[in-house]
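Take a look at the structure shown here. Keep it in view and follow along strand by strand, then helix by helix.

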Amino acid sequence: MKTTNPSEAQQTLLPNEREGIPAKEVEQRIECVPLERIVTEQYQRILNMKNVAGIVKNFDPAKLGVLVVSHRADGTYAVLDGQHRLTALRRLGYDAANCIVLEGMTIRQEADYFRRQNENKQSLRINDTFNASLWAEDAESLRIKELMDKYGFRHGKSGQPMCICAIGALQSIIRQFGEDTLELTLAGIAATWPKDATILRREMLAGLGEFWHRYGASLSIAQFESRMRDRIPMELYQETRRRTQCKATPGTAFNKSVRFVTCGVLVDAYNKGLRIGSKNRLSLTWEAAEGDNNA
């Protein structure tokens, strides 16, 4: 039977109060755990098979380190740190691995530990931490998921209509403008462009957040849909890129000046066909006092 060698230097990974998992409630030990008893929970990030292949190709037991797992009442061990190494070990024919075993954690604590324990390692993608945050019952993440479900959106990386990849944009909207603005943003998209994926780009979501923050109190979803349903999101996106001289990117989307330009594109599209002086026209003014901050 192939097993990994125990590590002489055992790093203390016991969660602390700052991480949301009281240390007094969790015990830890070093144990050689059969791989068949280690499970991967849904709060984990999506496996990167290229990373796994790299570990297998350049495998060095001395550099493997230890996995971190949570021992559960049913006898299984949930992997908290080392999912890619675990998969590589299975491919290499190992039957067991040396692990730091944490005892006494709830699944909520496991998810919270997972999303926090990588602070000094390779950063987790927002999509990974969002999924873990749902399992950890993070209030903001649960509210975002609730609103997505309400209007028929799903979370994923497919780039398909009604499938949101830019979860970070939703987080930025709710943090900067509040839940009502996020709901109007999602409701407006679902009612107006349910078959379009371009409108779900981070740049467009930022502009829509700015739009609904400004006009949500005076504009209904029905009014928005009736004026905007014939507007093509790709054309709106291209116009935003033109007006910003291609400075509108996922990285700059929530910069105030970029948001303002994108919002202006939406306002112009909304006003198209309305006569000058019509009470139904929207007006947009730069709020200089707010400066040109980044969200």
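Serine 70 has a bridge partner in β5: leucine 102. On β4, serine 70 stands opposite alanine 78. Keep in mind that this is a predicted model.

One of the links to β4 pairs histidine 71 with tyrosine 77. Now find the hairpin of β3 and β4. Five residues lie between its strands. Among them is glycine 75, which takes a positive phi near 95°.

Buried here means under 20% relative accessible area. Check both faces.

Five strands form an open sheet with mixed pairing. Their order is β1-β5-β3-β4-β2. β1 (27-34) and β2 (38-39) stand at the edges. Each has a single partner strand, so one side of each is left without a neighbour in the sheet.

Helices pack on this sheet too. Helix α2 (residues 83-91) touches β2, β3, β4 and β5 (96-103). The direction of α2 makes about 120° with that of β4. Helix α3 (residues 107-116) also packs on the sheet, touching β3, β4 and β5. The direction of α3 makes about 25° with that of β4.

Next, move to another pair of helices. The axes of α6 and α8 (residues 202-215) come within 9 Å and cross at roughly 15°. Angles under 35 degrees count as roughly parallel. α6 and α8 are therefore roughly parallel to each other. Their crossing is right-handed. Which residues meet? Gly168, Ala169, Leu170, Ser172 and Ile173 in α6 meet Arg202, Leu205 and Gly209 in α8. By class, this contact has four nonpolar, three polar and one charged residues.

Is glutamine 171 buried or exposed? Its relative accessible area is 10%, so glutamine 171 is buried. Leaving aside its neighbours within four places in sequence, glutamine 171 is in contact with Ile126, Phe130, Glu140 and Ile144.

Definitions and conventions:
Residues numbered from 1 in each chain as written. Predicted model: local features only at pLDDT ≥ 70, side-chain atom pairs only at ≥ 80, totals over all residues. Heavy atoms only, no water. Buried < 20%, exposed > 50% of the residue type's maximum accessible area, 1.4 Å probe, protein only. Contact = heavy atoms within 4.5 Å. Pairing = 2+ DSSP bridges. Helix = DSSP H or I, 4+ residues; strand = E, 2+ residues; numbered from the N terminus. Axes fitted to C-alpha atoms, helices over the stretch in contact; angles between N-to-C directions. Parallel < 35°, antiparallel > 145°, perpendicular 65-115°, else oblique. Left-handed = near helix turned anticlockwise from the far one by under 90°. Nonpolar A, V, L, I, M, F, W, Y, C, P; charged D, E, K, R; others polar.
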